[in-house]
Amino acid sequence: MLFRSQNKGQRVTVTGEVAVEIADYFEERRSELYYFVVDKQTNARTRVFFKEPPDRAFRSGARVRIQGQGRGNGNGVDVESVEILESAPGARDGASVATDMEAPVASNQTRKVLTLLVDFQDAVVDTGTANAVTPAILSDQMFNDPQNVQHFYSTASLGTLTIPTDPNGIGKEPIFGPYTIAYNYLTTSPGGATCSANTWADAALDLWEADTVNNPAGETRADYDSWSLIVPNYWDYSNRACGWGGYAGVGCRQCWAFSADPASILFGVVIHELGHNFGFGHARYDTNNDGVSDCEYCDDSDLMGGARDWMKFNAP
């Protein structure tokens with residue numbers, strides 16, 4: 001992963017594609033949004049910072065031109081102005097939808113999901129405990145259990161969203177790994193560890209693409225819409241470089257969704273993080289109806305909130 005260097009205080013212009021990402025700190029009941037502009041030719045990512053939440057047109061997949069002040073040392077840009085050069089795929093014109101308009105009818109969609117188990121130099125997904133995650137467990141939770149991720153999205157969408165069992169005709173479910181990437185997961189390991197989800201995703205996907213034994217068809221990440229990456233669970237490992245339980249791109253295709261939870265609640269977290277890929281926000285409380293969230297994740301009747309049991313999505 002490349003980060004575009006910016007000199008502190010220097011006025012800069014950055015052009016590229018928007019990537020919106022969200023980190024879910026489930027146990028703390030909070031999340032954090034991150035905004036990047038990606039140069040698709042070099043893959044350089046520039047983090048951008050807003051004083052106020054950006055316009056809804058600033059969403060994953062939009063092409064933009066940003067002007068602002070560099071923070072220095074590759075730490076990003078404080079935004080002064082945004083020009084939308086090209087709207088995100090599927091975006092409507094305008095930043096909002098009138099309340100008296102009829103809700104659009106959902107169109108049929110297919111989302112191809114690749115699932116990779118990811119080990120690190122100092123931590124593994126199959127810990128040998130009750131919290132361990134294995135390919136067989138993932139296969140059941142994605143496709144085979146009576147309550148599985150595929151079935152959930154089909155049911156919750158009234159049959160309009162399909163996650164295929166074998167989307168590209170390779171003769172198996174698209175679940176692979178574990179792949180051991182050359183990074184540490186724990187800050188207590190020799191040399192320490194840095195939280196860098198995008199770097200980890202690229203490393204795991206590179207290993208899978210090069211795996212001629214388990215990926216003999218030579219598939220690539222471009223053959224899938226979402227890359228679901230299962231990393232070591234936070235119940236068995238403390239002192240992790242990343243404090244989140246999940247991290248995902250928001251409203252995107254060909255983007256990743258990390259889940260770092262034990263097997264007992266993993267299916268709910270995978271649904272939640274894929275939900276972010278599909279464009280869903282959080283189910284939260286606004287008890288006084290002032291437009292400001294009073295409690296992140298506090299809708300425990302919805303898997304985009306705090307639910308980890310078999311709950312369908314609520315109406316917006």
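Predicted model: local features only at pLDDT ≥ 70, side-chain atom pairs only at ≥ 80, totals over all residues.
**Helix crossing, disulfides and salt bridges**

Visitor: Thanks! What orientation does α1 have to α4?

Guide: Two packed helices are described by the angle between their axes and the distance between the axes. Here helix α1 (residues 135–144) and helix α4 (residues 263–277) pack at about 45°, their axes 10 Å apart (axes are lines fitted to C-alpha atoms, for helices over the stretch in contact, and angles run from 0 to 180 degrees between N-to-C directions). Angles under 35 degrees count as roughly parallel, over 145 as roughly antiparallel, 65 to 115 as roughly perpendicular and the rest as oblique. Therefore α1 lies to α4 in an orientation that is oblique.

Visitor: How many disulfides does the structure hold?

Guide: A disulfide here is a pair of cysteine sulfur atoms within 2.5 Å. One of them joins Cys195 to Cys242, with an S to S distance of 1.9 Å. Cys252 and Cys255 form another, with 2.0 Å between their sulfur atoms. The number of disulfides is 2.

Visitor: How far apart in the chain are Cys195 and Cys242?

Guide: The link of Cys195 and Cys242 is right-handed, with 105° about the S-S bond. Cys195 sits in the loop between β10 (175–180) and α3 (197–209), and Cys242 in the loop between β11 (226–230) and β12 (246–249) (helices, H or I with at least four residues, and strands, E with at least two, are DSSP runs numbered from the N terminus). The pair links distant parts of the chain, and the separation is 47 residues.

Visitor: Let's turn to the strands. Which residue is the bridge partner of Ile66 in β6?

Guide: Two strands pair if DSSP finds at least two bridges between them. Strand β5 (residues 63–70) runs antiparallel to strand β2 (residues 11–25), joined by 7 bridges, with Thr13 opposite Gln67 in β5. Strand β5 also runs antiparallel to strand β6 (residues 77–86), with 8 bridges. There, the β6 partner of Ile66 is Val82.

Visitor: Which residue in the hairpin of β5 and β6 takes a positive phi?

Guide: This hairpin has 6 residues between the strands. The residue with a positive phi, near 90°, is Gly72.

Visitor: With which residue does Glu80 form a salt bridge?

Guide: Side chains of opposite charge can pair when their charged atoms come close. A salt bridge here is a side-chain nitrogen of Lys or Arg within 4 Å of a carboxyl oxygen of Asp or Glu, and the count comes to 10. Glu80 in strand β6 and its partner in strand β2 are 69 residues apart in sequence, so the pair ties those parts together. With an N to O distance of 2.1 Å, the partner of Glu80 is Arg11.

Visitor: How close are the N and O atoms of Glu83 and Arg65?

Guide: At 41% relative accessibility Glu83 counts as partly exposed, and so does Arg65 at 32%. Glu83 forms a salt bridge with Arg65, the closest N and O atoms being apart by 2.7 Å.

Visitor: Which arginine is linked in a network with Asp202, Asp206 and Glu209?

Guide: Salt bridges link these residues in a network. Alongside Asp202, Asp206 and Glu209, the arginine is Arg221.

Key:
Residues numbered from 1 in each chain as written. Heavy atoms only, no water. Buried < 20%, exposed > 50% of the residue type's maximum accessible area, 1.4 Å probe, protein only.
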